[in-house]
Amino acid sequence: MADTAHTADTAHTADTAGTADTARVGIRVDRDSCVGSGACALFEPEFFDQSEDDGLVVPRAREAGPEALPALRRAASRCPARAIALVPSDGQGSAGWDRSD
């Protein structure tokens, strides 16, 4: 019985490690749409800042690991101008990555 549980745990770890290497998240901001509310920078300062010149969003990173996806989704959903998009890090479309809370 214990051997079966160990085998299942090992398989889960291997699957998770393989997924983590390929599922990075691309962060795109549309400064033309941004209204400078600062919600993204307030709630997710690790990923977003505001320009001191015009108050518009400044991304702190162009991509992040899959562990950041929940925080990035929250930031995108709080943006009143919908100026934040999340895409697969290869930049090929959104494929449901943005605003799917």
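**Close-up 1. Asp54 and its salt bridge with Arg31.** In this predicted model, D54 is partly exposed, with a relative accessible area of 42%, and the side chain of D54 meets that of R31 in a salt bridge at 2.7 Å, taken from N to O. Because D54 sits in the loop between β2 (48-50) and β3 (57-59), while R31 sits in the loop between β1 (25-29) and α2 (39-43), the pair ties together parts that are 23 residues apart in sequence. R31 is likewise partly exposed, its relative accessible area being 32%.

**Close-up 2. Glu44 and its salt bridge with Arg74.** Here the side chains of E44 and R74 form a salt bridge, with an N to O distance of 3.6 Å. E44 belongs to the loop between α2 and β2 and R74 to helix α3 (residues 69-78), so this contact ties together parts of the chain that lie 30 residues apart in sequence. E44 is buried, with a relative accessible area of 10%, whereas R74, at 36%, is partly exposed.

**Close-up 3. Arg60 and its salt bridge with Asp49.** The side chains shown in this view are those of R60 and D49, which meet in a salt bridge at 3.2 Å from N to O. The pair links distant parts of the chain, with R60 in the loop between β3 and β4 (63-64) and D49 in strand β2, 11 residues apart. D49 counts as partly exposed, at 31% relative accessibility. The pair of R60 and D49 is one of the salt bridges in the model, for which the count comes to 4.

Key: Residues are numbered from 1 along each chain as its sequence is written. This is a predicted model: local features need pLDDT of at least 70, side-chain atom pairs count only at pLDDT 80 or more; totals for chains, interfaces and linings use all residues. Side-chain values use heavy atoms; hydrogens and water are left out. Helices (H or I, at least four residues) and strands (E, at least two) are DSSP runs, numbered from the N terminus. Buried means under 20% relative accessible area, exposed over 50%, partly exposed in between (1.4 Å probe, protein chains only).
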